[in-house]
Amino acid sequence: MTATATAPAPALPQAMPGRGVMIGYFAMVLGMFMAILDIQIVSSSLSEIQAGLSASADEISWVQTSYLIAEVIMIPFSGYLSRLLSTRVVFVASAFSFTLASIGCAFSNSLESMIIMRALQGFLGGAMIPTVFATVYLIFPRQRLASATVVIGLVATLAPTIGPTLGGYLTQLMSWHWLFLINVVPGAIVCLLVWNFMDIDKPDYSLLQGFDYLGLGAMAVFLGSLEYVIEEGPRHDWLSDAAIRNFAIACAIGGLLFFWRTLTHANPVVDLKAFRNRNFATGCLFSLTIGVGLYGLVYLLPLYLARVRGLNSLQIGEIMFVTGAAQFLLAPVAGMLARRFDPRPVLAFGFTLLAASTWSMTRLTADWQFDELLLPQIMRGAALMFCIVPINVIALGTLPPHELKNASGLYNLTRNLGGAFGLAAINTAMIDRTALHWNRLVDWINPGRWEVQQYIDTTGAQLAERLQGDDMMLAAKLLGSKVQQQANVMAFADCFFLLTLLFAAAAIAVAFAKRPMPPPGDAAPGGGH
């Protein structure tokens, strides 16, 4: 039995799915939420995991990096697996193995075992994310797609936002082990419900004939090496590090081999033909951009709150909660706009609002607290929802049914790569701009200047009343730390400015996008009756 004989019938539904399919669909969304959440849930608790595993500060970053590298390999491959084994089998296998790997992470007693379990968790669970995106377009009628994509859009943007918050609470209230154990009960429920209610397509075992093992290996080398270079490059001064150079060479060779096999093999593991669709190619470009904003901002603001404000994970989570609340409250509005109007103006508004949010952060000072961050975070939460729903419609809403599973993997890959590129660019900019501002500011704290000497004398006298030691030296160190703090703040403001330029450019680029048109005989995407 082939996919072409069975897939089109469920892929072009004319009515809403039944109750059982809806139960299975929401269970799949829960599984996707777990997979995306686990990307960021450890970010606020790395120091506790480091202590528990007796790892060094440099080594502990692999707890997150190993997950990302493994996941980015599985995401584009998931489309092939879904066509081969069916949506139900692939998703349940992914959710089940993800849950087992989560248990393995919780009981890891060494850094090596944790890295292996996290890699398995990312690789085995990575299929859940694109499978959900493809399933939406296979079970919902076109006129209901905007409403349906609001749910997965909310999950895709909300999970990374609340990940650090939830992780901080779990670690503080219980222990870091619960960052992973929290997946066990939901994982079991997801497996049970999806297996019983989501039999929506049939496997196509003919795809095993002529399987491109070389293409799969080349893809793994290409994407895995690319993710490693992007993640580790800023910390090791890029190509000046031997390991980064070696992985960059492996990435280039793997990429050339992968694209050659993909374009010439009769049955490639990842089919790039979907990029011939202008809407899909444009949507992937916007998805790459929103990945920068989604993961970059979730990283940048907590970094400021920890490094400059000195807040702990719980305090940071309470501030970051505003963005998640705004996303949740405005999701229905974003869905209504995408359903009733051309998605391009909605997307342009979303990117403009996101640019306005980051622009307001360029006035950042070392004293900003909850009140100053409230409006920018509300704007960011709203903007993410106004972006992600139209992007889904533009990218996936007009593809023929037989291309959806494969295209969904490519689409989700671009968002993850966008996040990786964004984090690398932010880290590099922070290092370079902090050094630049320090070198400029340090000229102003020359001890020969009268103002500097007066500060040191006054501060030293105040310290002498409370501390013992070299009061002048302590005062000079205090002044140096204040200057370092200001250099950090200015570097943060520069990063927000660069993001503003990116989002403003994306808003302008929407004008060059083609209005999404449905396949012949189908209802207009985002349109009503």
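Predicted model: local features only at pLDDT ≥ 70, side-chain atom pairs only at ≥ 80, totals over all residues.
Two packed helices are described by the angle between their axes and the distance between the axes. Helix α9 spans residues 128-139, and helix α19 spans residues 404-441. Their axes lie 8 Å apart and pack at an angle of about 130°. That angle makes α9 oblique to α19. The crossing of this pair, α9 and α19, is right-handed.

Helices α7 and α12 are the next pair. Helix α12 covers residues 184-197, and α7 covers residues 87-106. The two axes come within 9 Å and cross at roughly 165°. Angles over 145 degrees count as roughly antiparallel, so α7 is roughly antiparallel to α12. The crossing of α7 and α12 is left-handed.

Helices α15 and α17 complete the set. Helix α15 runs over residues 278-307, and helix α17 over residues 343-360. Their axes are 12 Å apart, at an angle of about 30°. Angles under 35 degrees count as roughly parallel, and α15 and α17 are therefore roughly parallel to each other. For α15 and α17, the crossing is left-handed.

Side chains of opposite charge can pair when their charged atoms come close. The structure holds five salt bridges. Among them is the pair formed by Arg118 and Asp38, with the closest N and O atoms 3.8 Å apart. Arg118 has a relative accessibility of 0% and counts as buried. Asp38 is buried as well, with a relative accessible area of 0%.

Another salt bridge joins the side chains of Arg261 and Asp212, at 2.7 Å from N to O. Arg261 belongs to helix α14 (residues 242-264), whereas Asp212 sits in the loop between α12 and α13 (213-232), so this pair ties together parts that are 49 residues apart in sequence. Arg261 and Asp212 are both buried.

Arg344 and Asp342 also form a salt bridge. Their closest N and O atoms are 2.7 Å apart. Arg344 is partly exposed, with a relative accessible area of 22%. Asp342 is buried, with a relative accessible area of 13%. The cut-off for burial is under 20% relative accessible area, so Asp342, at 13%, falls on the buried side, while Arg344, at 22%, counts as partly exposed.

Individual buried positions were also examined. Ile152 is located in helix α10 (residues 145-173). The relative accessible area of Ile152 is 0%, and the residue is buried. Ile152 and Val389 are 237 residues apart along the chain, yet their C-alpha atoms are separated by 8.6 Å.

Thr131 is placed in helix α9, the helix that packs at an angle of about 130° with α19. Thr131 is buried, with a relative accessible area of 4%. A separation of 8.7 Å is found between the C-alpha atoms of Thr131 and Met32. These two residues, Thr131 and Met32, are 99 residues apart along the chain.

Ser86 stands out by its backbone. Its phi is near 95°, a positive value in a residue other than glycine. Ser86 is in the loop between α6 (62-85) and α7 (87-106). Helix α7 is the partner of α12 in the roughly antiparallel pair. Ser86 is buried, with a relative accessible area of 4%.

At the surface, a nonpolar patch is formed by Tyr169, Leu173, Met174 and Trp178. Together these residues have about 430 Å² of accessible area. Within this group, Trp178 is found in helix α11 (residues 178-181). Trp178 has 38% relative accessibility and counts as partly exposed.

Notes
Residues numbered from 1 in each chain as written. Heavy atoms only, no water. Patch = residues over 30% accessible without salt bridge, like charges linked within 9 Å, V, L, I, M, F, W, Y side chains within 5 Å. Areas by Shrake-Rupley, 256 points an atom, 1.4 Å probe, with all protein chains shown as cover. Salt bridge = Lys/Arg side-chain N within 4 Å of Asp/Glu carboxyl O. Helix = DSSP H or I, 4+ residues; strand = E, 2+ residues; numbered from the N terminus. Buried < 20%, exposed > 50% of the residue type's maximum accessible area, 1.4 Å probe, protein only. Axes fitted to C-alpha atoms, helices over the stretch in contact; angles between N-to-C directions. Parallel < 35°, antiparallel > 145°, perpendicular 65-115°, else oblique. Left-handed = near helix turned anticlockwise from the far one by under 90°.
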